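This report describes pockets and helix packing in one protein model. The sequence and structure come first.

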Amino acid sequence: MNDILKQCTLCPRKCKVNRYLQKGFCGANSNIKLAHYSLHEWEEPIISGENGSGTIFFSNCNLKCIFCQNRKISELGYGKEITIKRLQEIMLELQNKGAHNINLVTPTHYVPQIIETISPIKNKSLNIPIVYNTSSYENIETIKMLNGIVDIYLADLKYFDSSLGEKYSHCSDYFMVASQAIEEMYKQIGKPIMKNNLLKKGIIVRVLILPGHINDAKNCIKYLYEKYRNNIFISIMNQYTPMQILKEYPNLNRKLNNDEYDEVINYACDLGITKAFIQEGETASKSFIPQFNCDNI
């Protein structure tokens, strides 16, 4: 399977580089690179539960949004290279600490290595759900590779308008690609399965509302509800946090205001959505961003 890395087409960028010799658009070579792992309490309640989600933050990214709050790892590539064996140890360590699941954050460019890591231990020494936490800028073929490995897809739907994908994430085909990827995720997973108020199998799609683009967020939500009704969870997020001054796009230099967020929530309610998460209080804060360090890796 790792032969894929010799002419990499894991993501829609389809760089076709030999990652044993050079790096692709994502910035990754053939080695797994991690920036952080921990029990994380701030995911959706059915993911974090009481003990936390066992989050593993992979370095590098195939999307590179200009507003990314994890720019240190996604664009600058901060992290430490590790082996398959060490990744297995980290997953088992998180499980032993009480993690409700293993949450793979920005994993697309390491899918072959992740499959090699999980396959020998899943439902044996590792018996908690695997969460695939993705931007949804995914090739369908890559998502198909994860059938039987992933239990929960925690996916984004960032843009409905392709011009926003071009401006903010350097891809003009975001919605087409992401919507098809989410459809494949749903084919694999289907309706949610809950146990003790925790999601054991299912799909959560996150819609992060960008300042000045509430209509685009509404269109994303409308699409998801018309396509999947209440067979998936929609997470409507107000936590956009400006990380740097973007002179070209002044709307991205501020947080979302309450009126904007309320308008989107009311719209979702009017549609008839019942399986949704909303955010309350001060969520747009840098204090919620992990302090990435490699001390325990």
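This is a predicted model: local features need pLDDT of at least 70, side-chain atom pairs count only at pLDDT 80 or more; totals for chains, interfaces and linings use all residues.

**Pockets**

The largest pocket holds about 1200 Å³ of space. Its lining is made up of 47 residues, and those nearest the centre are Glu43, Gln69, Arg206, Met237 and Gln239. Several secondary-structure elements contribute at least two residues each to this lining: helix H2 (71–74) and the strands E5 (130–134), E8 (198–208), E9 (233–237) and E10 (276–278). By class, the lining of the largest pocket comprises 23 nonpolar, 16 polar and eight charged residues.

The second largest pocket contains about 190 Å³ of space. Eleven residues line this second largest pocket, and Gln69, Asn70, Arg71, Lys72 and Met243 are the closest to its centre. Its lining divides into five nonpolar, four polar and two charged residues.

**Helix pairs**

Two packed helices are described by the angle between their axes and the distance between the axes. The table gives these values for two pairs.

| Helix pair | Residue ranges | Angle between axes | Axis distance |
|---|---|---|---|
| H3 and H4 | 84–96 and 111–118 | roughly 65 degrees | within 9 Å |
| H8 and H9 | 214–228 and 258–271 | about 20 degrees | 10 Å |

The angle of about 20 degrees makes H8 roughly parallel to H9, because angles under 35 degrees count as roughly parallel. The crossing of H8 and H9 is right-handed. On the H8 side, the contact involves Ile214, Lys218, Ile221, Lys222 and Tyr225; on the H9 side, Glu260, Glu263, Val264, Tyr267, Ala268 and Leu271 take part. Sorted by class, this contact of H8 with H9 has seven nonpolar and four charged residues, and no polar ones.

H3 also passes H4 in a right-handed crossing. Here Ile84, Leu87, Gln88 and Met91 of H3 meet Gln113, Glu116, Thr117 and Ile118 of H4. The residues in the contact of H3 with H4 are four nonpolar, three polar and one charged.

Conventions: Residues are numbered from 1 along each chain as its sequence is written. Side-chain values use heavy atoms; hydrogens and water are left out. On a 1 Å grid over the protein atoms alone, a cavity is a set of points where a 1.4 Å probe fits but cannot get out, and a pocket is an open set with protein on both sides within 12 Å along at least five of seven lines; lining residues have an atom within 4 Å of a point. Grid points are joined across faces, edges and corners, and a volume is the space filled by probe spheres set on the points. Helices (H or I, at least four residues) and strands (E, at least two) are DSSP runs, numbered from the N terminus. Ala, Val, Leu, Ile, Met, Phe, Trp, Tyr, Cys and Pro count as nonpolar, Asp, Glu, Lys and Arg as charged, and the others, Gly among them, as polar. Axes are lines fitted to C-alpha atoms, for helices over the stretch in contact, and angles run from 0 to 180 degrees between N-to-C directions. A crossing is left-handed if the near helix is turned anticlockwise from the far one by less than a right angle, and right-handed if clockwise. Contact means heavy atoms within 4.5 Å. Angles under 35 degrees count as roughly parallel, over 145 as roughly antiparallel, 65 to 115 as roughly perpendicular and the rest as oblique.
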